[in-house]
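I would like to walk through the packing and the open spaces of one protein chain, so please bring the structure up before I start.

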Amino acid sequence: MKDGPSEEWTRLTLSEEKQPWLKIDFDKLTVDDDSEDEELRRKAEFEEEQLKQIQKQLTESEAEAYTDLKKMYLCVYNFLQFIGYSYIFIYLTVNFVIKGQGMRQAYSKIILPLSVCQVFAVLEVINPLLGIVKTGAMAPLIQFTGRNMVLFVVIRGEDRMVGEPVLCYLFLIWSSIELVRYPFYMLCSIGQESMIISWLRYTIWIPLYPAGFLFEILSLWTAIPFYEASKKYNLELPNAWNVSFDMTTFLYIWIVGILSASPMMMSHMWRQRQKRFGSKKKVH
């Protein structure tokens, strides 16, 4: 057998004439195209790998965009709430406490921003339910429900409550709490921390929460004679629903509810403080 470059045969017989007895067995026919198949296979694998990389990058980009959008939303929300409560605190401190302005005039200036802030506080209940923040929804729900019942049902429901000085101190306590809470959450939303704000967040509630519960009770107690005289919200028998409701009795029950729930809220905050600043046990 001679070594040398391979040659292609144009035919199998010497004669160009086609022999009737000669035919091709296609079942046994082999073609030397393994190199082409290998190249196509490698090209397909490369394209598949490239597609996976693109899909991974798209997924990471979407997750990153969602995270950035969530941070921006939480930061803007907490900042706007901080601005609203800052206005309330500064206005009441300067005009009511220092200058001695009447509560009725002060009330007219701060009731709208306070109402807006309290309405939008429902987002603090929705955010945990949607997984936007990792905190629980129960504590924000209790605070949101309690404050809005006091503000919209009791205070705004009775015109004679407007001039009561107890409201100023209640609103000052609410805004004092939020002047620390919202900056704390705003920094958390962007992954930052201020030790001063963190310490205030987990400490300032110690005097302010009991004061807040006290002035909520005083506000309800102040409202009882007004609702007893006006009978507003009362539902007397007989009626289509065959149900009676007395607002005065409800306010008494509400006061008992605040006295019962306040220790639980205080315990919750104390556990949060211990978790954040509690001393670590030494291992001997």
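When I say that two residues are in contact, I mean that they have heavy atoms within 4.5 Å. With that in mind, and leaving aside neighbours within four places in sequence, Phe 171 is in contact with Leu 92, Met 103, Tyr 107, Ile 110, Leu 114, Leu 151 and Ile 155.

Before I build on that, a word of caution: what you see is a predicted model. The mean pLDDT of the protein chain is 86, and 85% of its residues reach 70 or more. Among the elements, helix α1, residues 34-98, has the lowest mean pLDDT, at 85, while helix α7, residues 205-230, has the highest, at 95.

Let me return to Phe 171, which, together with Leu 251, has the most contacts inside the largest nonpolar core, a set of 48 residues. At least two residues of this core are supplied by each of α1, α2 (103-120), α4, α5, α7 and α8, and the element that gives the most is α7, with 11 residues. As general background, in soluble globular proteins nonpolar side chains tend to be buried together.

Staying with α7, I would like to point out Ser 219, which is found in that helix. Is Ser 219 buried or exposed? Its relative accessibility is 0%, and because buried means under 20%, Ser 219 counts as buried. Not counting residues up to four places away in sequence, Ser 219 touches Met 161, Val 166, Leu 167 and Leu 170. The C-alpha atom of Ser 219 is separated by 9.9 Å from that of Tyr 169, although these two residues are 50 residues apart along the chain.

The largest pocket holds about 1,200 Å³ of space. Of the 46 residues that line this pocket, Val 133, Thr 135, Phe 184, Tyr 185 and Arg 201 are the closest to its centre. The elements that each supply at least two residues of that lining are α1, α3 (123-130), α4 (138-155), α5, α6 (195-201) and α8 (247-277), and the largest share, 8 residues, comes from α5. Divided by class, the lining of the largest pocket has 21 nonpolar, 14 polar and 11 charged residues.

The second largest pocket has a volume of about 480 Å³. It is lined by 21 residues, of which Ile 142, Gly 146, Phe 213, Glu 216 and Ile 258 are the closest to its centre. Two or more residues of its lining come from each of α4, α5, α7 and α8, and here the largest share, again 8 residues, belongs to α8. The classes in the lining of the second largest pocket are 13 nonpolar, 6 polar and 2 charged residues.

Finally, how many cavities of 30 Å³ or more does the structure hold? There is 1, and the volume of the largest cavity is about 30 Å³. Its lining is made up of Ile 177, Val 180, Arg 181, Arg 201, Ile 204 and Trp 205, with the largest share, 3 residues, coming from helix α5, residues 165-189. By class, that lining has 4 nonpolar and 2 charged residues, and no polar ones.

Notes. Residues are numbered from 1 along each chain as its sequence is written. This is a predicted model: local features need pLDDT of at least 70, side-chain atom pairs count only at pLDDT 80 or more; totals for chains, interfaces and linings use all residues. Side-chain values use heavy atoms; hydrogens and water are left out. pLDDT is the predictor's confidence in each residue, from 0 to 100. Helices (H or I, at least four residues) and strands (E, at least two) are DSSP runs, numbered from the N terminus. On a 1 Å grid over the protein atoms alone, a cavity is a set of points where a 1.4 Å probe fits but cannot get out, and a pocket is an open set with protein on both sides within 12 Å along at least five of seven lines; lining residues have an atom within 4 Å of a point. Grid points are joined across faces, edges and corners, and a volume is the space filled by probe spheres set on the points. Ala, Val, Leu, Ile, Met, Phe, Trp, Tyr, Cys and Pro count as nonpolar, Asp, Glu, Lys and Arg as charged, and the others, Gly among them, as polar. Buried means under 20% relative accessible area, exposed over 50%, partly exposed in between (1.4 Å probe, protein chains only). A nonpolar core is a set of buried Ala, Val, Leu, Ile, Met, Phe, Trp, Tyr and Cys residues joined through side-chain atoms within 4.5 Å.
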